[in-house]
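Thank you all for coming; please have a look at the model on the screen, and then we will go through a few of its side chains together.

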Amino acid sequence: MFGEKYGDIVRVISFGGDVSIEFCGGTHVKNTADIGSFYIIKESGVSAGIRRIEAVVGTSAFKYIKEQLNKLSLLQAEIKSNDLIAGIKKLKNEIKELKNELKNTQSKSVTPINEEIIGDTKLIVSVVENGDLKKIVDDNKNANEKLAILLLQIKDDKVSIVAGSKNTNIKAGDWIKEIATILGGSGGGRPDFAQAGGKDINKIEEARIAAITYAKKNLI
């Protein structure tokens, strides 16, 4: 038995005649009816090819199922439905609809952004009140051949910063690091895309001006 050491005689338990013969590893009963209720509560892998199950029986099984029934009652009360499956499906659909509504709202209410042309490169540096910053950056990169863009947004008393660069000598990661420092934050990323965060929302205008200065200095 794979290197296990046993004496000349070992105790085994037979189930159904020759259906299964197992080594006795511990507590046993005269009849399986003595076990009473039996609930598997955990299954895991011990090692390659070996699985382990943990179960509760007898009084512990009674307590376990009582706890599960109590949880079901709480869930039914929480979702206000006796049919848990139907209730959960309804909640998932509502969440999906709300996410779509939020996405559409953000897309429709994007703050107008300021832009200018430096040489043959479009420069965008703006404080955006709402909208998905990453999506705005990606959309502008797709729409322009040469672009340097940095957006700032106040969210939850912090400043989110996203920067992008396409076919310019500005590295988004370096650009955003310098601006994030003004706002008491940090961040970085690739030469074409970077993200950062800042803590000082009162310096957001200072950061915007610094971002424009940095861009114009490095684009010329």
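Predicted model: local features only at pLDDT ≥ 70, side-chain atom pairs only at ≥ 80, totals over all residues.

Is Tyr39 buried, partly exposed or exposed? Tyr39 is partly exposed, with a relative accessible area of 30%, where buried means under 20% relative accessible area, exposed over 50%, and partly exposed in between, for a 1.4 Å probe and protein chains only.

Residues are numbered from 1 along each chain as its sequence is written, and side-chain values use heavy atoms, with hydrogens and water left out.

The structure holds two aromatic pairs, meaning rings of Phe, Tyr and Trp (its six-membered ring) whose centres lie within 6.5 Å, with planes under 30 degrees apart called stacked, over 60 edge-to-face and the rest tilted. Tyr39 and Tyr64 form a tilted pair, 5.9 Å centre to centre with 45° between the planes, and Tyr64, at 24% relative accessibility, also counts as partly exposed. Trp175 and Tyr214, by contrast, form a stacked pair, at 6.3 Å centre to centre and 10° between the planes; Trp175 is buried at 0% relative accessible area, and Tyr214 counts as buried at 15%.

Trp175 also brings us to the largest nonpolar core, which has 25 residues, with Leu123, Leu150, Leu152, Ile161 and Trp175 having the most contacts inside it. Such a core is a set of buried Ala, Val, Leu, Ile, Met, Phe, Trp, Tyr and Cys residues joined through side-chain atoms within 4.5 Å.
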